[in-house]
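Visitor: Hi, I'd like to go through this protein with you. Can we start with the overall build and then move to the ligand?

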Amino acid sequence: SLSFNFYATSCPAAEFMVSNTVRSASSSDPTIPGKLLRLLFHDCFVEGCDASVLLQGNGTERSDPANTSLGGFSVIDSAKRVLEIFCPGVVSCADIVALAARDAVVVAGGPEFQIPTGRRDGRTSDAANVRPNIADTSFTMNEMIKLFNSKGLSLDDLVTLSGAHTIGSAHCNAFSDRFQMDSKGKLTLIDTSLDSRYADELMKKCPSDSSASKTVNNDPETSLAFDNQYYSNLLAHKGLFQSDSILLEDGRTRAKVEALANDQESFFRSWGESFLKLTAIGVKTDDEGEIRRSCSFAN
Ligand code: HEM
Ligand SMILES: [Ca+2]
Ligand SMILES: [Ca+2]
């Protein structure tokens, strides 16, 4: 099983080296924390937290269209490079992904807490497993609940972990389903759960002819700060994805949204608990899996 300070004797500076790498990468590129946090989500929901998302090659998870907008791989690679110099063959890529996401939140001003380590790296990675296990922005609440429950996560965990959208950004096509385009390329809002002024802003930033690489902030107010602003945005009908907006629309989750919007401390407490559950999904430990030498390839 996982344990706190798993590397205490085998590589005592492991966590320090990961956090240093995350810190220095984020200081030269402020988009890094969001990328590292999303990378963890996409790792843990597919085959568990086993770094399967990092494997390169034909038909791996990383090659699936649902994963092409992932980033932060180079930060994981540079942490691994340092660790392989000081503690060769000891620290798993799966632990690096989890620790890096934990540290990314701290860098962005979020809560700091210990997480257990001892995850081992998976040997398989199949693109076909991505879409059945990753939530789509068009999911209904029932579909979201079903998916999260299948990973051992509750309704409250869903609301809390969606708070990750308090940082980072999204490509225009990630929310284009909230608009309709006429034959001249003009957009109109079809999703009435969205604030109309916010919708206008989004249409301006993401016109129908905008480039595929164009992005907008997930949190229009404090995109670099890991705070509870996400929940105030939901109350103001400024959830970027339909899967954000329904957290307010649905009676089963609304009270939790309101509670987290009202109290940042309670968001941080909830975050710590739900993050621990997220980083423990389907972990491989002890004699399962391996410790990869390179995070991009199985040994
Ligand atoms: C509940 C269902 C969820 C859906 C439908 C969803 C969907 C999305 C989408 C479509 C994007 C934009 C990607 C892009 O276009 O580049 C995004 C970004 C992001 N998501 Fe989620 N997400 C969900 C839950 C989560 C969870 C649980 C986490 C982490 C705990 C997370 C963390 C992030 C982060 C940090 C970003 C910004 C990435 C960046 O800046 O590069 N999301 N999400
Ligand atoms: Ca995985
Ligand atoms: Ca924020």
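Predicted model: local features only at pLDDT ≥ 70, side-chain atom pairs only at ≥ 80, totals over all residues.

Visitor: What radius of gyration does the protein have, and what would a compact globule have?

Guide: The protein has 19 Å. A compact globule of 299 residues would be near 19 Å, so the two agree. The C-alpha trace spans about 60 × 40 × 35 Å along its principal axes.

Visitor: How much of the protein is buried?

Guide: Buried residues make up 41% of the 299.

Visitor: And what share of the contacts comes from residues 24 or more positions apart?

Guide: 76%, counting contacts with a separation of 6 or more.

Visitor: Switching to domains. Where are the bounds?

Guide: Domain 1 runs over 14-134 and domain 2 over 141-275. Their C-alpha centres lie 23 Å apart.

Visitor: How many residues of each domain are in contact with the other?

Guide: 14 residues of domain 1 are in contact with 13 of domain 2.

Visitor: Which helix gives the largest share on the domain 1 side?

Guide: Helix H2, residues 32-44, with four residues. By class, that side of domain 1 has eight nonpolar, five polar and one charged residues.

Visitor: Is His42 buried or exposed?

Guide: Buried. Histidine 42 has 21 other C-beta atoms within 10 Å, and the cut-off for buried is 20 or more, so histidine 42 counts as buried.

Visitor: What is histidine 42 in contact with, leaving aside neighbours within four places in sequence?

Guide: Val53, Asn67, Leu70 and Ile134.

Visitor: Now the ligand. How many residues surround ligand 1, and which are the closest?

Guide: 25 residues surround ligand 1. The closest are Gly34, Ala164, Gly168, Ala170 and His171.

Visitor: Which element supplies the largest share of that shell?

Guide: H2 again, with five residues of the shell around ligand 1. H2, helix H7 (155-162) and strand E1 (169-171) each supply at least two.

Visitor: What does each domain give to the shell?

Guide: At least three residues come from each of domain 1 and domain 2.

Visitor: Last one. How do the shell residues divide by class?

Guide: Ten are nonpolar, twelve polar and three charged.

Terms used. Residues numbered from 1 in each chain as written. Chains lettered and ligands numbered in written order. Rg over C-alpha atoms; globule rule 2.2 N^0.38 Å. Buried ≥ 20, exposed ≤ 12 C-beta atoms within 10 Å, placed from the backbone. Contact = placed C-beta atoms within 7 Å. Domains from an automatic or database assignment. Nonpolar A, V, L, I, M, F, W, Y, C, P; charged D, E, K, R; others polar. Near = placed C-beta within 6 Å.
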